[in-house]
Amino acid sequence: MSEVADATEEALEIPQLYKYHVFACFTQRPPQHPRGSCGANGAQPLWERLAKKIEASGQRDICMTSSGCLSFCQAGPIMVVYPQGVWYVPRTPEDIDEIVESHLLNDKLVERLIVVPRI
Ligand code: FES
């Protein structure tokens, strides 16, 4: 077995600090920028709501991190939940509430809001 494979297997046995770690894209580009941006697509109030909901849950094993561009700008606002690597595109405050209540607090994916980015 290669050193990389050995290292990967060892890494999988490292205890995880968080049950869920959410990365939400805060990148803001000008409205006419050709790449678009999550910020230009209305991310800020959604992420503020997400942060408040997570904090209000009292679950210290759920972490949210403000990220830079996640490279799928036109699809934004976009967020990803690890360790599963589930990508969501919430559009409304109610979408945020559903992701928190269903996925983060009750371990049930919100399938209607999932996207599978292509690289
Ligand atoms: S600006 Fe959010 S993914 Fe690029």
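Five strands form an open sheet in the order β2-β1-β3-β4-β5, and the pairing is mixed. At its edges stand β2 and β5, each of which pairs on one side only. Two strands are said to pair if DSSP finds at least two bridges between them. Helices (H or I, at least four residues) and strands (E, at least two) are DSSP runs, numbered from the N terminus.

Before I go further, two remarks on the basis of this talk. This is a predicted model, in which local features need pLDDT of at least 70 and side-chain atom pairs count only at pLDDT 80 or more, while totals for chains, interfaces and linings use all residues. Residues are numbered from 1 along each chain as its sequence is written.

Let me begin with the pairing around β1. Strands β1 and β2 run parallel and are joined over 6 bridges. Toward β3 the sense is antiparallel, with 4 bridges linking β1 to β3. There, A24 stands opposite M79 of β3. In general, strands of a sheet pair through backbone hydrogen bonds, either parallel or antiparallel.

Helix α2 has 15 residues and reaches 21 Å from its first C-alpha to its last, close to the 21 Å expected at 1.5 Å a residue. The expected span is 1.5 Å times one less than the number of residues. In α2, the residues A43, L46, W47, L50 and I54 are buried. They lie on the same side of α2 because they cover an arc of only 95° around the axis, the arc being that of the directions from the helix axis to the C-beta atoms. On the other side of the helix, P45, K52, E55 and A56 are exposed. For these words, a residue is buried if 20 or more other C-beta atoms lie within 10 Å of its own, exposed if 12 or fewer, and partly exposed in between, with C-beta atoms placed from the backbone. The buried residues of α2 pack against β1, β2 and α3. After α2 comes G58, with a positive phi near 75°.

In soluble globular proteins, nonpolar side chains tend to be buried together.

Two neighbouring residues deserve attention. Leaving aside residues up to four places away in sequence, A24 touches W47, L50, M64, S66, S67 and M79. A contact here requires C-beta atoms, placed from the backbone, within 7 Å. F23, also in strand β1, is partly exposed, because 18 other C-beta atoms lie within 10 Å. With that sequence exclusion again, F23 touches T65, S67, L70, M79 and V80. The C-alpha atoms of F23 and G85 are 10.0 Å apart, although 62 residues separate them along the chain.

Finally, the backbone in the loops. Which peptide bonds are cis? Another is the bond from Y82 to P83, with omega near 25°, and P83 belongs to the loop between β3 and β4.

S71 has phi near 80° and lies in the loop between β2 and β3. S71 is exposed, since 11 other C-beta atoms lie within 10 Å. D107 has a positive phi of about 60° and is not a glycine; its place is in the loop between α3 and β5 (114-115). With 9 C-beta neighbours inside 10 Å, D107 likewise counts as exposed.

Technical notes:
Contact = placed C-beta atoms within 7 Å.
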